[in-house]
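Have the viewer open as you read.

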Amino acid sequence: MLSALSIGVVLGLWLAGVAMPRAAVAQSPDPLLDDRVHDLAKQMNCPTCAGRNLADCPTDTCAQWKAEIRAQLEAGKSDREVLTYFQTRFGPTVMQEPPREGALLLVWIAPVAAAVALVAAGVWAARRASARKSPSATQPAIQSEDPYVVALEEQVRQS
Amino acid sequence: MTAQGQSGARNTKLLVGLAIIAVLAIAGLFAAGLVLSAQPGKRPVPGSPAPDFSMPLYDGYRAGLPETIRLSDLRGNVVVLNFWASWCVECVKETDALEAVWREYRDRGVVVLGVDHLDTEPAARRYLEGFGVTFPNGIDIQQQVSRAYRITGVPETFFIDRQGIVRKTVIQALSRAELAAEIEALLAE
């Protein structure tokens with residue numbers, strides 16, 4: 001009887017131990033909505049801490065903003081509409097990435113243009129340097145023994 | 001010039017052209033960065049004109065003012081311009097005091113004007129309702145007002161005289177006595 005009671009207590013404690021943490025981290029009723037909120041928050045900045053992602057920031061401000069994202073999604077707004085709301089309300093700096101329009105297109109075009117130009121310039125410079133080092137590169141690889149060909153090459157060189 | 005010489009000159013021009021493109025691209029990047037972080041003018045110091053702005057007021061928090069208020073329309077009044085946010089812990093300490101001086105001085109040509117900074121509307125409304133605020137409060141769309149005043153955070157208060165000149169700026173929560181003292185000084189002029 002006592003052992004049966006002990007087993008019951010141990011089993012009860014074990015079950016409680018297993019069940020409690022699960023209850024504590026129980027998923028919200030709508031994990032898909034959670035994912036959408038997280039995805040949108042990932043695209044935005046914390047408004048008060050410089051350089052921090054909204055999704056990863058635990059401050060009260062960010063909690064409010066995430067609640068607002070959730071409320072707007074629950075109200076049926078699309079992801080684009082939610083992002084547009086935040087940009088219109090708080091300005092383009094709320095976004096992790098600057099908008100791809102107007103003067104800010106430069107932010108996207110300039111690094112690519114600079115990288116392409118620098119790589120092209122580097123390749124060009126390297127080819128020129130290697131051509132200077134090996135003058136034979138501009139000479140015929142095989143010297144002809146034909147006197148006519150030799151005379152012709154000499155004429156071409158002198159012209 | 002030989003063919004080799006012409007080719008060399010062409011290569012040099014191309015190299016210079018590519019270098020110029022790279023430099024211009026990097027300069028463009030910096031320019032775009034400046035556009036993104038641009039803030040108009042300097043922070044208004046005491047004695048300088050208060051930067052004018054227009055701001056939509058929260059419905060229910062207009063205190064008889066139009067839907068969108070322009071600061072210059074308040075010329076002739078002493079304006080207590082207060083930047084706040086519902087998530088701001090320090091703001092909690094002064095909201096009652098702001099409401100008290102608004103009620104006390106509103107009939108003597110004083111306007112307490114709240115500027116809600118980086119806040120969501122539901123949170124801001126809960127805050128205003130919670131404190132029973134009646135003084136006019138507006139939405140800082142795209143942070144235009146806070147950028148114009150170059151605030152460093154919240155709470156921050158600018159005392160503006162009847163001529164639209166900033167007379168004092170305070171970067172901390174104010175008590176009722178401190179608010180009243182500043183207002184009385186400006187009303188006495």
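Contact here means heavy atoms within 4.5 Å. Keep in mind that this is a predicted model.

**A buried asparagine in chain B**

With contact defined that way, look at Asn82(B). Setting aside neighbours within four places in sequence, Asn82(B) is in contact with Glu94(B), Leu98(B), Leu113(B), Gly114(B), Val115(B), Glu156(B) and Thr157(B). The residue sits in strand β3 of chain B, which covers residues 78–84. Is Asn82(B) buried or exposed? Its relative accessibility is 1%, and buried means under 20%, so Asn82(B) counts as buried. One of its contacts is also a polar one: the side chains of Asn82(B) and Thr157(B) are joined at 2.9 Å.

**A serine in helix α4**

Now move along chain B to Ser146(B), which is found in helix α4 (residues 144–148). With a relative accessible area of 5%, Ser146(B) is buried. Which residue does its side chain meet in a polar contact? The partner is Asp140(B), and the distance is 2.6 Å. Leaving out residues up to four places away in sequence, Ser146(B) touches Phe83(B), His117(B), Asp140(B) and Ile151(B).

**The disulfide**

How many disulfides turn up in a search of the whole structure? The count over all chains is 1. The bond is formed by Cys88(B) and Cys91(B), with their sulfur atoms 2.2 Å apart. This link is right-handed, with 90° about the S-S bond, and both Cys88(B) and Cys91(B) are buried. Over in chain A, Cys46(A) counts as buried at 5% relative accessibility, whereas Cys49(A) is partly exposed at 22%.

**The two folds**

Zooming out, chain B has 5 helices and 7 strands. Along the sequence they follow the pattern α-β-β-β-α-β-α-β-α-β-β-α.

In chain B, 75% of the contacts with a separation of 6 or more are between residues 24 or more positions apart. In chain A, 38% of the contacts between residues at least 6 apart in sequence join residues at least 24 apart.

**Salt bridges within the chains**

Over all chains, the search finds 16 salt bridges.

| Pair | Closest N and O atoms |
|---|---|
| Arg70(A) and Asp34(A) | 2.5 Å |
| Asp56(A) and Lys42(A) | 3.2 Å |
| Arg70(B) and Asp52(B) | 3.1 Å |

What do these pairs tie together? Arg70(A) lies in helix α3 and Asp34(A) in helix α2 of chain A, so their bridge links parts 36 residues apart in sequence. Arg70(A) is partly exposed at 26% relative accessible area, and Asp34(A) is partly exposed at 23%.

Asp56(A) is in the loop between α2 and α3 of chain A and Lys42(A) is in helix α2, so that pair connects parts 14 residues apart. Asp56(A) is partly exposed, at 42%, and so is Lys42(A), at 36%.

In chain B, Arg70(B) belongs to strand β2 (residues 68–70) and Asp52(B) to the loop between α1 (3–36) and β1 (54–56), so the bridge ties together parts 18 residues apart. Arg70(B) counts as partly exposed at 36%, and Asp52(B) is partly exposed at 38%. Separately, Glu153(A), Glu154(A) and Arg157(A) are joined into one network by salt bridges that share partners.

**Where the chains meet**

Finally, the interface. 31 residues of chain A are in contact with 31 residues of chain B. Together the chains bury about 2,600 Å², 68% of it on carbon and sulfur atoms. In chain A, the residues that lose the most area to chain B are Gln64(A), Arg89(A) and Trp124(A), together 23% of what that side buries.

How many salt bridges are there between chain A and chain B? The count is 0, while 6 residue pairs are in polar contact across the interface. On the chain A side, the elements giving two or more residues are α3 (60–74), α4 (79–90) and α5 (105–133). The largest share, 13 residues, comes from α5(A). By type, the chain A side divides into 19 nonpolar, 8 polar and 4 charged residues.

Terms used
Residues are numbered from 1 along each chain as its sequence is written. Chains are lettered from A and ligands numbered from 1 in the order in which they are written. This is a predicted model: local features need pLDDT of at least 70, side-chain atom pairs count only at pLDDT 80 or more; totals for chains, interfaces and linings use all residues. Side-chain values use heavy atoms; hydrogens and water are left out. Buried area is the accessible area (1.4 Å probe) that two parts lose on being put together, summed over both. A salt bridge is a side-chain nitrogen of Lys or Arg within 4 Å of a carboxyl oxygen of Asp or Glu. A polar contact is a pair of N or O atoms within 3.5 Å; within protein, one must be able to donate a hydrogen and the other to accept it, and residues adjacent in sequence count only if both atoms are side-chain atoms. Helices (H or I, at least four residues) and strands (E, at least two) are DSSP runs, numbered from the N terminus. Ala, Val, Leu, Ile, Met, Phe, Trp, Tyr, Cys and Pro count as nonpolar, Asp, Glu, Lys and Arg as charged, and the others, Gly among them, as polar. A disulfide is a pair of cysteine sulfur atoms within 2.5 Å. Buried means under 20% relative accessible area, exposed over 50%, partly exposed in between (1.4 Å probe, protein chains only).
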